[in-house]
Every structure is written in structure tokens, then in C-alpha cells.
Amino acid sequence: MKYVLSKTLSIISVAFTIFLILVPSGLAAPAAPAIRGLPLDTNLTESNGFAWDATTFGGFCYPINKHQNFVNEDIAWGERLWIENTDNTHGALGVSGPSNNVIDEEELVYSTRSYSSKYKLVSELGLSGDSIPSDLGNGFYWQLAWFAKPYIAVENDATQLASLVLNQDGSARKTLRTGETWDLGKGYTLTVHQVDVDGKKVWFSLYKDGEELESAVVEDDGTVASQAFTATADFGDSDDQLYFITYVDSVFQGAVDSIAVFKYTWLIDKDNVLVIKSGDEYQGLEVKEANENGLVLKNKDSITIYVDADKKTYFTDSWYFKTSDENKGFGGQGYIIYPAKDLTTPGTYTLRGISLDTNLTESNGFAWDATTFGGFCYPINKHQNFVNEDIAWGERLWIENTDNTHGALGVSGPSNNVIDEEELVYSTRQHSSKYKVVSELGLSGSSIPSDLGKGFYWQLAWFGKPYIAVENDATQLASLVLNQDGSARKTLRAGETWDLGKGYTLTVHQVDVDGKKVWFSLEKNGEELESAIVEDDGTVASKTFTAKADFGDSDDQLYFVTYVDSVFQSAVDSIAVFKYTWLIDKDNALVIKSGDEYQGLEVKEANENGLVLKNKDSITIDVDADKKAYFTDSWYFKTSDENKGFGGQGYIIYPATDVTVVDETLNNAAAEDETSVVEIDSQTADSTENSTSSEASLDYKARNADSAGEVVEDKAGSEEEVPEKSPGFGLFVSVLGLTAGLILKGRK
């Protein structure tokens, strides 16, 4: 099987973009999805001189049409994050000291620089010169990303920031009838008082918290000057500043009502201008430079990064450093590190891959892998084998030019936008993983329970979701239902049931504290699969329970593992604690053969070592920053507008996928009322010119951090409070338990 990874990855200026660590559907108590930045190997790269920008960390705002000025170091628009060694207390992170994990005071730097954007009214209507309404100046405003939220730099001054409330997308339309009100956000509303179809006029008012700010009658007469409405006010340190724009696209008679259509609406919050000065503190960082051109902040306190794949080290309220375990860097020294951000606010977010500039890079020989496309699964401790071309674990996506009908995407034809049949290739190869009971307890050799073999299983990512390759055969896949994190604990009292996912449950029948035993059953859709009495006697063999079954094309395959960490008496209850639980869905194994079709791609190679799929039909990419070209059910190509590539030719392109974070409180309410339906209505995260979007308008989760550098455990399931009392075994249950134990022992 051919796995291709371009060697140009290390030299192209566009570098890496954002990545996603997304817990798959079916996990019990899933962790929040997270965006990750470019992984840095401390035994390969010196952090000094290296910076994450909007193309290499998805926590930052990334307007794709501004790509060239974002990656150009001389212009350097947008946000940057870097580590600089300004003293030698601990040295630099990188090859000169690969195990160093301390960022000294003022060595972590966050900077942001404003950039120009056209008002949608100007760009969408192609206005220039005298055709631009006078209040819009030359048609541009200045935008500044501030901790990944879009703000407007008032009078192009980075020290005066007004939050962007609404930037209506170019193709969006808002229809309003007489008496209807449009909630614009942050207390601003627009109410239509009257629609005069005969006179082609609409009378409306703009309000803030119920108080009228502006009132206007706008005529739909076919001229921009008449149909556009603007509002100015004194705010910040400036007078007569523009804060609101809207455009009455049309006035017409509907089937019942008179209707007005509004487009290109733009609104900033004039009443809450943020004035930034040197010495101010924001999210644990101190402002060191504040001038009209940009802002620079640094850490006040040293940050000790916890080098552990299960931990997070926060350096702002929402951004943190994630690392591999120790000695996972190149050659077995150092570690892998990247900045990341959890996505906890309900909404839909866009996860993008590395940006390819068609006027700089030839797509032939270039591949997105798990480190360069967030739609793919990325186990950080496997980094070396994921980026090694000779091993090439995990998923790959590339475009290869196998005929010359349309040519290759890239510098030989930068405007080409057609991928011919079988030129888009998706491949996946399984990788080994240790069972948590083995890795967390440090088991090896004869200390590993016999049912766990050598302590490894084989995992294969299939369209961004983790599956288990049964008997290390990539053509037999069982979905991973639960892989309990190493630090997670599940506490259960007698009679309680744990929902493992996909219909599987574990029910504790009795807890015998005196005998240090727990009796439990594993069930699927209410039918018992296994029953066991496990003794907490201090030995791994006794405390570990496994279950096997025949599934796929294989017999006697392991599908369930759990470990009774302890049995104890709380203040009122007898408690059993379960850890390292691992479960796959034995009843729905996926057998993959050549010629099968999945998500619009056809399987071309299917063998035990991996799978290769290609597109059956040609794919025409619509080169438009507002469009998506889907090539699977959930993955698509996103591009800039035409001629946004290097030198004004070609375009920027990357693969992307959307992930939705659901409001669980609404879900719970819906579950109580089966007739209710809850939908999250959010805009996608990556919109041209950074319109109001999920990516740019996150409400950060508050952290109880006393300083930058708080360490938080990264748990798939949080440790639960100790529940209350239930009785231990009675005489009858004890006899039943002993009998069950003898039966179980005989089965084993």
C-alpha cells in the first residue's frame, strides 16, 4: 500500500492549521472536543523563533481571504503565540534541552495585530470610489482578533476595541414583516414598524435594551445611496464613529404580508469599548506593548508544563498546553507539545486542515495526515509513527494526478479546481495501543492477565472515528464504545447501573465490604451477557475481569475489560470503584471488502494491513470563500476566493469538517418532554472576513486558576462523589455469589 507524505511540509510557508481531538460518539461521559495547534517535537525543534499563528493554531481567528498577509512575517496580521528564551534559568524548550518543561516569566508571548476588512455592503455590491456611501469612508474597517474573538479597532487603533456584534454573511437575508423584531445580539434589536409596498419604503428603528437609538424610512429605489442605512455615534476616544450598517435589499408583497428584506448588516457594540493600556492584565497575561498598530502580552508568572498525555496546563482561561508523555519525542527523548482549546459552548465549529496554496505547492505528493487535519484521530503518544513515512500509521488524505484531463491542483495549474475520478485518495492503517489496565499499572510479561495477550490491541481510525481491528485485521472493525481514561473512576453502589454506551450497561448487584467482593453483570439492551464476582485482594489477576465472544470472522475475541480498583465502606454506603474499562461493540462488526462504497468513496484496497479508498466521480471545487465542496458525508474542501494565492494567482484550499457541541441542559429538558425538539442554530466557525461565528465568538469557560499554568486532569469521565449507603451481601446472596464464582472459574 502506498502512503505518501510530502517532504515540502517542513518548508512551505502556509504550515499547519488547526486540529481536532474529538471524543467519538458512543463514549460514556465524553470529554469536550478540542482544537489543537501544530505539534512541536522538543527533540527536533527549538521553540525560540517558532510561532503559532492563525494557520497553525485553530484557537485563533483565520479569515481565509487574508491568508497571504497572515503568513507573511513582514506584515504578520492576526494573532501569534510563541516562546522565547530571555533568561537561562531553565533554558529554551527544544533540542538544546528537550526535557525542559518550564516557561520562565515573560517568555510566553501573545501578540495581535489589526487587519483591514471590507464592509459586506461594499464587497458584495462591488462598490468603489463615489459609489461607496460617505459614512463608510473608503469601504474598509479594521478588525483585531483578541483572544480569538473578533473586535473592531476604533479609528484603526488597536488599543480601542469594540466587540463585533453582527456581520451578516454576504448570502444571508433577513425577512421581516410589520411589527416583527430582529434580535441582533447584546441587547440590540431592529423593529419594523411599517412596510409600504406601493411606495417601496420600510420604516424601522434600532434599539439598545429597549431604548431607541435610530429611526429611519428607507426607500427601495434601486440605488445604494437610498437603500443603505448607517448610524454613527461618539464612543471610545473618538467622535462620530460608524457603528451600524444595514441595506434594504427589497420590499415586496408576500402571500399574506408586506415584507422587507435586510442584507449586509454590520453592528458593533458602541457602549462597551475596551481601552487597553500597558500594564493591564488579561487572562493571566500582562500587556507589555499597547499602541495603535497592535498589542503584545506576556506571562507574569513562570509556567510549569506537566508532561503527561492525560493532563492540561492552562495559560489563559481557555487555552492550554497539551503534551505527550515523557520521552515520546524523536529518538525517545523530549516530548510533543501543542496549544489547544476545548469547545464547550454549544454551537457548530469548523475544524480545518493545513492550508495549501495552489500557486505555491503542487498537490501531487502532498498528503494531510493526523497532524495536519483535525478530522483525523490523533493519539499524541503515537506521534512518531504517525509522521514517519515508512510506518505511516493512521489516516491520510491526498490528491494524485493520474490523468491529464484537468491536470494537478497546484503551481502547474493554480486555477484548476477539478479532481478527476480516483484522484482523491483516503487511506488508513491501524496502530497498536495498550489496554489502560496494562499501561497505567505498568504491567509486563507474566503480570499481564492472560486474556489480554501481550497487553496490546490494534486500533484503526475510520473516517475520524476509532475502531478496533479485530485480530489486527483492518478489514474487520468493531466500534470502540468506551475506553475509560487512566485517571477516571466510576463509583457504583449496589443496585446502580452504569450506561457504557450503545445499549451496554454494567449493573452492580451487591458489594461485600468485609469480603472485599463485588457482584456485577454486563448487559446489552437488557439481556445479560456476563456475570461475575470480582475480589479486591490486591492482585491484578483477581481484580481484572474480561469477557470474550465470537464476532466478525474470528472466535473467542476479547470485547470487554474492567478493573475493580477498590471496594470500601463510605459514611453510609458500600462502594465499588471501576477503572480502566474498555468495551467494543461485538454485535456490529464491520467487514470491509474491495469494491464497497463508504461516504461516496470506493474501497480500492482492503487487506489486513490497511485500507485505501478513492473517489468514484470527479469533484468540482467551487472556488468561493462562502462555499463548501463535500467529498464525504461530513468532510469538505473549503477555499478562498479566486486569485487569493501567492502573487494574486490560484487560491487557498484545505479539508474541513464541522463538529456540533450540544447544550446538554436543553437535551435533558427534551428528554423529559419527548414531544420537544431542540436544535442548536449556530453559524459555522470559519466565515470569510470573520463574520460573527462560532470560532470567533466563544464564551470561554471560566477556570479556577490562581495563575497561568494551572494543571488540570484530562478525564474522559470525571471522578464521581461517593454515593450513599446500600446493604452488603445477605446469606442467600453470599451462597449465590460463591456458586457464581465457581462457575466463572470453571469457564475460565
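Where is the place of Asn-525? Asn-525 sits in the loop between S41 and strand S42, the latter covering 527-535. Keep in mind that everything here comes from a predicted model.

As a general point, most residues other than glycine have a negative phi. Asn-525 also counts as exposed, because its relative accessibility is 62% and the cut-off for that label is over 50%.

Glu-155 gives a second case: phi is near 55 degrees, again a positive value in a residue other than glycine. You'll find Glu-155 in the loop between strand S10 (149-153) and strand S11 (160-167). With 52% relative accessibility, Glu-155 counts as exposed.

Together with Asp-135, Asp-234, Asp-237, Asp-239 and Asp-240, Glu-155 forms a negative surface patch.

**Around strand S41**

Now back to S41, which spans residues 517-524 and includes Val-518. Is Val-518 buried or exposed? Val-518 is buried, since its relative accessible area is 0% and buried means under 20%. Look across to Val-534 as well: that residue is 16 residues away from Val-518 along the chain, and the two C-alpha atoms are separated by 5.5 Å.

What does Lys-524 form a salt bridge with? The partner is Asp-585, and the closest N and O atoms are 3.4 Å apart.

**Salt bridges in the rest of the model**

In general, side chains of opposite charge can pair when their charged atoms come close. How many salt bridges does the count come to? The count comes to 28 salt bridges.

| Lys | Asp | N to O distance |
|---|---|---|
| Lys-311 | Asp-308 | 3.6 Å |
| Lys-524 | Asp-585 | 3.4 Å |
| Lys-627 | Asp-624 | 3.8 Å |

Lys-311 and Asp-308 are both buried. For the pair of Lys-627 and Asp-624, joined at 3.8 Å, the labels read otherwise: Lys-627 counts as partly exposed at 37% relative accessibility, and Asp-624 counts as partly exposed at 22%. Beyond such pairs, there is a network in which salt bridges with shared partners join Lys-208, Asp-269, Lys-270 and Asp-271.

**Cysteines**

How many disulfides does the structure hold? The answer is 0. As for individual cysteines, Cys-61 is buried, with a relative accessible area of 2%. Cys-377 has a relative accessible area of 19%, and because the buried label applies under 20%, Cys-377 is buried as well.

How values were computed: Residues numbered from 1 in each chain as written. Predicted model: local features only at pLDDT ≥ 70, side-chain atom pairs only at ≥ 80, totals over all residues. Heavy atoms only, no water. Patch = residues over 30% accessible without salt bridge, like charges linked within 9 Å, V, L, I, M, F, W, Y side chains within 5 Å. Areas by Shrake-Rupley, 256 points an atom, 1.4 Å probe, with all protein chains shown as cover. Salt bridge = Lys/Arg side-chain N within 4 Å of Asp/Glu carboxyl O. Lys, Arg positive; Asp, Glu negative; His and termini not counted. Charge placed at Lys NZ, Arg CZ, Asp CG, Glu CD. Helix = DSSP H or I, 4+ residues; strand = E, 2+ residues; numbered from the N terminus. Buried < 20%, exposed > 50% of the residue type's maximum accessible area, 1.4 Å probe, protein only. Disulfide = S-S within 2.5 Å.
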